Amino acid sequence: GLEEGAKNQFSTFSNFITTINQKKEGIGNRNSPTQLVIPNIKNGRDLPPLCLDVRQKQRMSIDVIPPELKAPFPPEQALPIRTKTVKDFQDDMEKSKASGDWKAVHNFYSTTFDSFLEINAAFKKDTNSPFNTIEDSGIDAKFVNVVYDALLNTPQDVQKSVLKGIINGLLQEWTGPRTKDDLRAYCILLQNPQFSNTSTYVIYAHLLRQIAALTEADHHFLVHWSKKISQKRFKQVVDRLLQFISLRLFPAKPEEFPPMVKCTWWIPSATKVLALFNAANSLISPPIISYTDFYNSTLDHIDLMEEYHNWQCYGNSHRFSFCQYPFIISIAAKKVIIQRDSEQQMISIARQSLVDKVSRRQKPDMNMLFLNVKVRRTHLVSDSLDELARKKADLKKKLKVTFVGEAGLDMGGLTKEWFLLLIRQIFHPDYGMFTYHKDSQCHWFSSFKCDNYSEFRLVGALMGLAVYNSITLDIRFPPCCYKKLLSPPIVPCDHNTLVGICGVTLDDLFQIMPELAHGLSELLSYEGNVEEDFYSTFQVFQEEFGVIKSYNLKPNGDKIPVTNRNRKEYVQLYVDFLLNRSIYKQFAAFYYGFHSVCASYALLLLRPEEVEILVCGSPELDMSALQRSTQYEGYQKTDLTIRYFWDVVLGFSLDLQKKLLHFATGSDRVPVGGMADLNFKISKSDTSTNWLPVAHTCFNQLCLPPYKNKKELKQKLIIGISNAEGFGLE
């Protein structure tokens with residue numbers, strides 16, 4: 001229907017395509033993208049950077065308004081008077097459906113979309129008001145939605161008239177400064193559902209190109225206006241842009257599109273417009289849609305390392321790379337980038353060690369290519385601390401662990417066991433490094449002062465080693481911890497620069513100490529006299545080893561009362577004290593430990609939530625997904641023993657399922673790619689059925705004897721997974 005009709009219509013659009021391709025002045029192409037860093041303008045809020053430059057270590061200052069933004073806005077043209085209401089339009093639609101005469105509807109659509117002025121005349125809430133602020137776009141969203149919802153149910157000639165009108169509008173608005181009416185038209189056109197059809201992609205591409213080429217100030221308005229779009233429509237626009245990028249990268253019918261060499265600007269333009277919606281999404285708390293809704297899984301199938309290297313080499317100046325817009329790259333793809341970057345660093349460090357050895361005419365051995373950690377189970381923490389401190393230069397080599405007195409060879413399983421036991425001991429309350437908060441079920445850094453913070457550095461190094469060696473850890477830190485870990489994401493060259501300090505809010509405190517956060521929230525909303533009723537000052541008290549110590553939140557804080565006027569400042573300083581200042585030395589050591597292993601520009605691609613997933617994996621176990629992806633050796637999935645096994649496992653409690661996962665893989669966490677990424681295998685063991693199951697954690701392999709009945713299998717399996725610690729050789 002529409003696809004065929006629109007294709008035929010394109011033969012009459014050739015003049016448009018020719019004209020539009022000739023007008024490229026000032027417009028970036030794939031090799032010269034337009035930079036989209038939004039400035040701060042009057043009455044506007046600071047926006048997140050849209051385009052990430054690997055060479056830009058800190059955000060550019062936006063305190064000074066650029067001179068071009070101070071210029072007066074171009075005057076708005078007088079709008080035609082259009083009086084049709086939502087009710088009028090709906091009545092016209094009903095009459096047309098009943099009679100088959102679409103003339104009134106056709107006239108409305110062809111007139112409304114014929115120019116940007118007509119779009120404003122139809123959809124502007126009040127044609128006499130300028131609507132020049134970021135807070136109100138002046139768009140009658142209900143009318144826009146009704147018109148677009150009806151559009152796809154109209155005859156082909158009506159739909160073609162809309163596309164033809166859009167082309168006219170794009171040609172008219174190609175040059176000259178933009179008015180707010182123009183921006184409104186762009187905002188409305190982006191929501192057109194016709195652009196879900198590939199036959200309209202040429203027009204859609206030119207619309208995106210014009211929007212991408214707007215000034216920074218215009219982008220600022222579009223971002224703030226976009227955040228007012230309903231969740232349903234917002235998601236539709238985002239999905240449409242993602243589909244456009246995917247189908248341009250991997251077209252189902254290549255003949256539908258112009259050759260890639262002639263439209264290299266399509267993907268950069270769409271990505272930049274998507275960046276505007278991502279910026280709008282981040283301005284809202286909670287966001288309109290999840291950050292994962294901006295992922296484009298199609299990018300998992302391109303050469304990600306080429307994208308990464310282009311970004312590293314060229315930044316924003318010369319060549320487009322998806323890494324400039326990391327919000328579009330899925331966590332699975334980012335994991336691939338980090339893994340390969342880590343592998344390249346491992347190979348480089350190992351090669352350098354080999355060259356150094358040979359240059360000194362010493363005999364090389366294989367052990368020099370690895371970070372070899374040898375520990376006793378009875379002295380796990382102290383031995384690990386000593387080994388990592390002694391082998392700082394080897395931290396970026398492949399990790400291999402040996403337990404003294406055990407014959408196991410580390411092909412991955414011993415490393416997982418070492419991480420698990422070490423984390424379990426370090427986070428034990430008796431150890432005193434971390435405080436466990438029952439209400440939030442997470443750990444936080446102990447604020448107790450000590451002479452040596454090296455053990456916090458060890459925990460940071462452990463987390464870094466886990467990411468570097470693709471191991472998931474059972475660590476329960478709040479999201480705030482990962483935000484601090486990326487503050488900044490690259491270790492500053494100046495050692496006097498503060499690290500691990502980030503903007504924290506009451507919401508962050510709620511995730512750690514909900515009871516205290518609730519009390520502070522009550523203080524903010526208290527309607528009585530705060531000074532007389534609470535009798536508090538800008539001073540807080542903490543117990544340290546049985547001794548109560550006081551700390552001023554600001555100079556002379558003990559003499560400054562908390563009042564109705566300054567209570568917001570008090571709460572902010574209190575939260576900052578708890579999450580930043582009181583644990584600065586502990587967290588700084590932790591920060592440097594993590595980055596001593598994980599220092600990489602790839603960290604600039606990550607959100608705090610994504611770092612948490614890389615470190616901890618997912619705690620959600622889907623045993624049905626594991627069953628679907630399991631491979632078999634010596635068994636068929638229809639064999640009686642295998643059917644017994646899955647009947648038992650799917651009936652296990654969550655605790656027993658975690659024990660099984662830990663027994664077979666060395667970790668009870670699910671990796672980033674889900675259960676399928678475990679490559680879990682069940683092999684037939686030719687031993688007696690009196691034997692317990694055996695696991696090869698290096699290979700995520702479970703060796704299962706052919707038990708005769710379900711009861712015996714369940715009994716032996718529970719005994720095996722509940723009493724598993726230590727390694728041996730077969």
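This is a predicted model: local features need pLDDT of at least 70, side-chain atom pairs count only at pLDDT 80 or more; totals for chains, interfaces and linings use all residues.
Figure 1. A disulfide is a covalent bond between the sulfur atoms of two cysteines. The cut-off for a disulfide is a pair of cysteine sulfur atoms within 2.5 Å, and the structure holds zero disulfides. Cys480 is likewise in no disulfide; its nearest cysteine sulfur, that of Cys502, is 4.9 Å away. Cys442 counts as buried because its relative accessibility is 4%. Cys480 is buried as well, with a relative accessible area of 0%.

Figure 2. A pair of aromatic rings is described by the distance of the centres and the angle of the planes. The structure holds 46 aromatic pairs. One of them, formed by Phe195 and Tyr204, is stacked, with 4.7 Å from centre to centre and 10° between the planes. Phe195 and Tyr204 are both buried. Elsewhere, one aromatic cluster is formed by Phe427, Phe434, Trp444, Phe445, Tyr453, Phe456, Phe477, Phe587 and Phe590.

**Figure 3. Two lysines placed over phenylalanine rings.** Lys180 lies over the face of Phe221, and the distance to the ring centre is 4.6 Å. In the second case, the ring is that of Phe370, and the charged end of Lys400 sits over it at 4.4 Å from its centre.

**Figure 4. Helix α18, residues 454-468.** The helix has 15 residues. From its first C-alpha to its last it reaches 20 Å, close to the 21 Å expected at 1.5 Å a residue. Which residues of α18 are buried? They are Phe456, Leu458, Val459, Gly460, Ala461, Leu462, Met463, Gly464, Leu465, Ala466, Val467 and Tyr468. With twelve of its 15 residues buried, α18 is mostly covered. Just after the helix, Ser470 takes a positive phi of about 60°.

**Figure 5. Helix α28, residues 654-665, and the elements around it.** This helix has twelve residues and reaches 16 Å from first C-alpha to last, close to the 16 Å expected at 1.5 Å a residue. α28 is mostly covered, as nine of its twelve residues are buried. The buried residues are Leu656, Gln657, Lys658, Leu660, Leu661, His662, Phe663, Ala664 and Thr665. What do the buried residues of α28 pack against? The helices are α17 (413-426), α26 (623-629), α27 (640-650) and α29 (710-722), and the strands are β9 (694-696) and β10 (701-704). Just after α28, Gly666 takes a positive phi of about 90°.

Figure 6. Asn120 lies in helix α6, which covers residues 116-123. Is Asn120 buried or exposed? Its relative accessibility is 1%, so Asn120 counts as buried. The side chain of Asn120 makes a polar contact with the side chain of Arg184, at 3.1 Å. Leaving aside residues up to four places away in sequence, Asn120 touches Leu79, Thr127, Asp181, Asp182, Arg184 and Ala185.

Technical notes
Residues are numbered from 1 along each chain as its sequence is written. Side-chain values use heavy atoms; hydrogens and water are left out. Rings of Phe, Tyr and Trp (its six-membered ring) pair if their centres lie within 6.5 Å; planes under 30 degrees apart count as stacked, over 60 as edge-to-face and the rest as tilted. Buried means under 20% relative accessible area, exposed over 50%, partly exposed in between (1.4 Å probe, protein chains only). A charge sits over a ring if NZ of Lys or CZ of Arg is within 6 Å of the ring centre and within 35 degrees of the ring normal. Helices (H or I, at least four residues) and strands (E, at least two) are DSSP runs, numbered from the N terminus. The expected span of a helix is 1.5 Å times one less than its number of residues. Contact means heavy atoms within 4.5 Å. A polar contact is a pair of N or O atoms within 3.5 Å; within protein, one must be able to donate a hydrogen and the other to accept it, and residues adjacent in sequence count only if both atoms are side-chain atoms.
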